[in-house]
Amino acid sequence: DIGNLNMMGGNYKMQTLKNSIHYVAASKDEEILKNSSSGGIFSEIAYCIFKMNGVVFGATFDSNEYKIVHTMVSCMEELSKIRKSKYVESDFKRVEPDIERNIDKNRYILFSGTPCQVEYIKRKYGYYDKLVTVDVFCHGVAESVYFKDYLKSLSSEILEIDFRTQSKERHNFEFDIIGKEKKKIEHCDYCDNIFTKLYIDSVVLRNSCFKCMFSQKQHISDITLGDFDFQEDAEKRGINVLHPSIVAINTERGEKIFDSIREKISYDILNDLEKIKFYYRDHKKIKGEWGYNIECKEKFIQELQKMDFLNAAYKCGFPDIYDLLIQLEQKMGESKKYLIYGAGVIAHRFEKAAKQLHPEWELQGNIVSDIKNKLKNSVVISVDEISLGCSYPIVVAVNATNRKQIVSELTKRGIYNYI
């Protein structure tokens, strides 16, 4: 029981703690952990609200509109709809009528969203004593129009999206797109999917995310959640899970909520200022991968004026791959057939890009130095089988270290039809 929250009053500015209290934490429930992006703290808070006949609002994927939207759930059985991170802006204002109806019914309400969404909700409904808010340490969100353009480019009916597929590894940034009969249309690391690559390069972020007014200061939500990125530190604290959470308690209401779930979680207070500062950084000063590179987005917008979304995406997200595609198109002529030298990450990225941008092209096989390499959906050809008479252009899709050696192998055989 979270006690007499309604005795605190609705003025959230009066409830805010002078300084947030930070914890490293994770649920003790293995099932909750398995179905969460990180430590499962959101699920434990939601369960607390459900026990008091409350309702929870969060983001979900709308398979009819191909967008992220907020929705309401009223029991644990429905919570899977809004669990896990979504890195695309959500249409959250559509739930305002539901919020108002539940205020009229005097029910507890948990609203979860980004810091800017929570600020809007607290400014509009902060008078309501039974409103609880949870936000996140937010990297930023992609614009919904680009997300929809990407999904439509897949030419498949999409029913589910999972931005954080669970992994047995510490790193669990894998992306799943699921279609009919639970068929996986996409399953890959963030660096291998074109949309998530654009996201981590900040190409598709909303403009406001580059100058976020919430990133450096104490949040106005009751509780803020995020991935705790210091695994060894978590283990030393006895939080022995793959994906622990950082939890910031920002208000008196947040303290009461956290007190109500202490028995269900493993936790330890975090006083390390350097680690805490990691979560309160000026977006304008962070560059590179997982940074805020406004110049990359500006270039992307320029390219969109000259070409369709998918071509602009590959040109900005995988420029080296895109250049190889242009060179291959010039070399192939009318045959539309080609070979790839390589069977690793770069080869996979190239093949995927070719299929998406040029579905009429025909891959004739992957050339490898070691025939032991096996590929599920391609013919594997030993380099010794390649002859001077090879008429198909060869894309050398390997890293720079190996490229020199492979080019040497080809030229020794008198083969120059490569890029």
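Buried means under 20% relative accessible area, exposed means over 50%, and partly exposed lies in between (1.4 Å probe, protein chains only). Helices (H or I, at least four residues) and strands (E, at least two) are DSSP runs, numbered from the N terminus. You are looking at a predicted model, where local features need pLDDT of at least 70 and side-chain atom pairs count only at pLDDT 80 or more, while totals for chains, interfaces and linings use all residues. Residues are numbered from 1 along each chain as its sequence is written, and side-chain values use heavy atoms, leaving out hydrogens and water.

Now show the side chains of α3. The buried residues are I41, F42, S43, E44, I45, A46, C48, I49 and F50.

**The whole chain**

Zoom out next. The chain has 15 helices and 16 strands, and its C-alpha atoms fill a box of roughly 85 × 45 × 45 Å along the principal axes. Of its 419 residues, 52% count as buried. The accessible surface comes to about 20100 Å², with 48% of that belonging to carbon and sulfur atoms; areas come from the Shrake-Rupley method with a 1.4 Å probe, and for residues only the protein chains shown count as cover. Among contacts (heavy atoms within 4.5 Å) with a separation of 6 or more, 68% are between residues 24 or more positions apart.

The chain has a mean of 90, and 92% of its residues reach 70 or more. Residues 6–10 stay under 50, and the model has 12 contacts for them beyond four places in sequence.

**Helices α11 and α12**

Select 294–304 (α11) together with 309–317 (α12). The two helices pack at an angle of about 145°, their axes 9 Å apart. Axes here are lines fitted to C-alpha atoms, for helices over the stretch in contact, and angles run from 0 to 180 degrees between N-to-C directions. Which residues meet? From α11 come K299, F300, E303 and L304, and from α12 come F309, A312, A313, K315 and C316. This contact divides into 6 nonpolar, no polar and 3 charged residues.

Go to the loop between β8 (174–178) and β9 (184–189), where E181 sits. Is E181 buried or exposed? E181 is exposed, at a relative accessible area of 81%. K182 lies in the loop between β8 and β9 too, and K182 is exposed at 59%. Most residues other than glycine have a negative phi. Here, though, phi is positive, near 55° for E181 and near 60° for K182.

Next, pick N106 in the loop between α4 (96–104) and β5 (109–112). At 47% relative accessibility, N106 counts as partly exposed. Leaving aside neighbours within four places in sequence, N106 is in contact with Y128 and K130. Draw a distance from N106 to G54, 52 residues apart along the chain, and you get 9.2 Å between C-alpha atoms.

Finish at L242, in the loop between α8 (231–236) and β11 (245–251). L242 counts as partly exposed, with 36% relative accessibility. L242 and S85 are 157 residues apart in sequence and 16 Å apart in space, C-alpha to C-alpha.

How values were computed: Nonpolar A, V, L, I, M, F, W, Y, C, P; charged D, E, K, R; others polar. pLDDT = per-residue confidence, 0-100.
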